[in-house]
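Visitor: I'm new to this one. Can you walk me through it?

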Amino acid sequence: LGQIIKLVAETLPCPNTTGQMMVGLMVKPPAPGSVSFNQFQAEEKKVLKQLISRASLMVEGLNSIPGIFCHPCNGALYAFPSVGLPLAAVRKAHDQGMLADVHYCLSLLQKTGICVTPASGYRAVPHKNTQRHGFRITILIKESHIPKLIQEIAIHHRNYCSEFEDSSFSLNKSHEKIKLLKLDHYTLICNSAKTVAKYHIEKLGFKLIRTIDVNTGTVAAGQVDMLNFVLEPPCNPSTSVVVTEGTNDETVFRRYMKEYGEGIHHIAFEVEDVEEAFRVMKTRGIKTTTDVVTTDILTGLKQIF
């Protein structure tokens with residue numbers, strides 16, 4: 001037994017000779033004109049087509065389950081669905097000394113035999129009082145087996161949530177989704193907005209739309225404590241990039257940079273109804289920075305952070 005354990009332990013981090021040879025062939029496929037090139041191309045397209053079909057079926061199936069949401073998989077072998085759980089289940093897991101997604105995945109394994117990996121295994125660890133969790137599931141099973149798999153996950157999820165459901169959680173409401181119309185803008189915060197904007201314009205082909213100077217309240221009336229350069233990307237004129245600089249250490253962006261550094265501060269999406277989007281976010285346990293919808297001082301548009 002000791003020798004077998006040693007063999008397995010050495011195999012995991014260090015691929016054997018056959019595995020290394022196969023990887024070598026993968027990264028150096030048959031060249032055009034070679035005897036096996038046409039066969040290789042046909043087999044490769046067939047495999048990729050099957051992977052895409054399985055991924056689409058898996059994502060579609062997961063999204064059909066109330067309380068589970070999964071983004072499309074672009075060629076990956078795994079899906080990472082987000083799962084809404086009652087707070088009672090989250091707290092029960094913490095009382096037992098484990099994270100909520102671990103508790104959920106163990107239940108799924110024990111009740112159905114389906115083995116998935118908790119999202120917390122990939123450092124996706126939500127706060128103990130949130131209701132959004134997740135897992136990773138492999139998409140390498142036969143396509144004909146996916147409907148049965150989805151059915152078993154759906155039954156388990158319904159039973160699991162029913163066991164812990166309370167007034168703070170509704171399985172049907174947790175399935176509500178926010179329809180994103182388009183990317184409106186993203187904001188970069190930095191020490192020198194002028195320098196960063198100049199780089200985007202001269203090196204990356206962005207176009208300056210306008211500059212906006214704002215007083216956010218850290219300086220006297222008539223003075224400016226925030227500089228904004230609004231830029232248009234070369235490939236997508238329907239969106240914009242805002243390069244922002246706080247002019248003193250009391251501004252919100254300067255305080256943010258002290259903790260997190262320069263970079264993207266936020267990404268903004270346009271929605272049909274921001275009030276409805278806010279309601280859905282609260283229903284699904286998504287944490288926001290405020291308890292009400294606010295108004296952007298630059299554009300006058302309603303917003304949620």
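Visitor: Which residue in E9 is the bridge partner of Thr 187?
Guide: Val 242 is. Keep in mind that this is a predicted model.

Visitor: And how do E6 and E9 pair, parallel or antiparallel?
Guide: Parallel. Strand E6, residues 180-189, pairs with E9 over 5 bridges.

Visitor: What about E8 and E9, parallel or antiparallel?
Guide: Antiparallel, with 6 bridges joining them. E8 covers residues 226-232. Leu 227 stands opposite Glu 245 of E9.

Visitor: How many residues of E9 are buried?
Guide: 7 of the 7, residues 240-246, so the strand is largely enclosed by the rest of the structure.

Visitor: Which ones point which way from E9?
Guide: Ser 240, Val 242, Thr 244 and Gly 246 point one way. Val 241, Val 243 and Glu 245 point the other way. In a regular strand, side chains alternate between the two faces of the sheet.

Visitor: New topic. How much space is in the largest pocket?
Guide: About 1700 Å³. It is lined by 47 residues. Closest to the centre are His 266, Ala 268, Gln 303, Ile 304 and Phe 305.

Visitor: Which element gives the largest share of that lining?
Guide: E10, with 7 residues. Other elements supply at least two residues each, including E6, E8, E9 and helix H8. H9 and strand E12 are also among them.

Visitor: Where is Thr 288?
Guide: In the loop between helix H9 (274-283) and strand E11 (294-295).

Visitor: Is it buried or exposed, that Thr 288?
Guide: Thr 288 is buried, because its relative accessible area is 11% and the cut-off for buried is under 20%.

Visitor: What does Thr 288 touch?
Guide: Leaving out residues up to four places away in sequence, Thr 288 touches Phe 278, Met 281, Lys 282, Ile 304 and Phe 305.

Visitor: Which backbone oxygen does its side chain reach?
Guide: The side chain of Thr 288 reaches that of Thr 290, at 2.7 Å.

Visitor: Last topic, H5. How many residues does it have?
Guide: Helix H5 has 13, residues 100-112. From first C-alpha to last it reaches 18 Å, close to the 18 Å expected at 1.5 Å a residue.

Visitor: Which of its residues are buried?
Guide: In H5 they are Ala 100, Asp 101, His 103, Tyr 104, Cys 105, Ser 107 and Leu 108.

Visitor: What comes just after H5?
Guide: Gly 113, which takes a positive phi of about 85°.

How values were computed: Residues numbered from 1 in each chain as written. Predicted model: local features only at pLDDT ≥ 70, side-chain atom pairs only at ≥ 80, totals over all residues. Heavy atoms only, no water. Helix = DSSP H or I, 4+ residues; strand = E, 2+ residues; numbered from the N terminus. Buried < 20%, exposed > 50% of the residue type's maximum accessible area, 1.4 Å probe, protein only. Polar contact = N/O pair within 3.5 Å; in protein donor to acceptor, adjacent residues only side chain to side chain. Contact = heavy atoms within 4.5 Å. Pairing = 2+ DSSP bridges. Expected span 1.5 Å × (residues − 1). 1 Å grid on protein atoms, 1.4 Å probe; cavity = no way out; pocket = protein on both sides within 12 Å on 5 of 7 lines; lining within 4 Å. Points joined across faces, edges and corners; volume = space filled by probe spheres on them.
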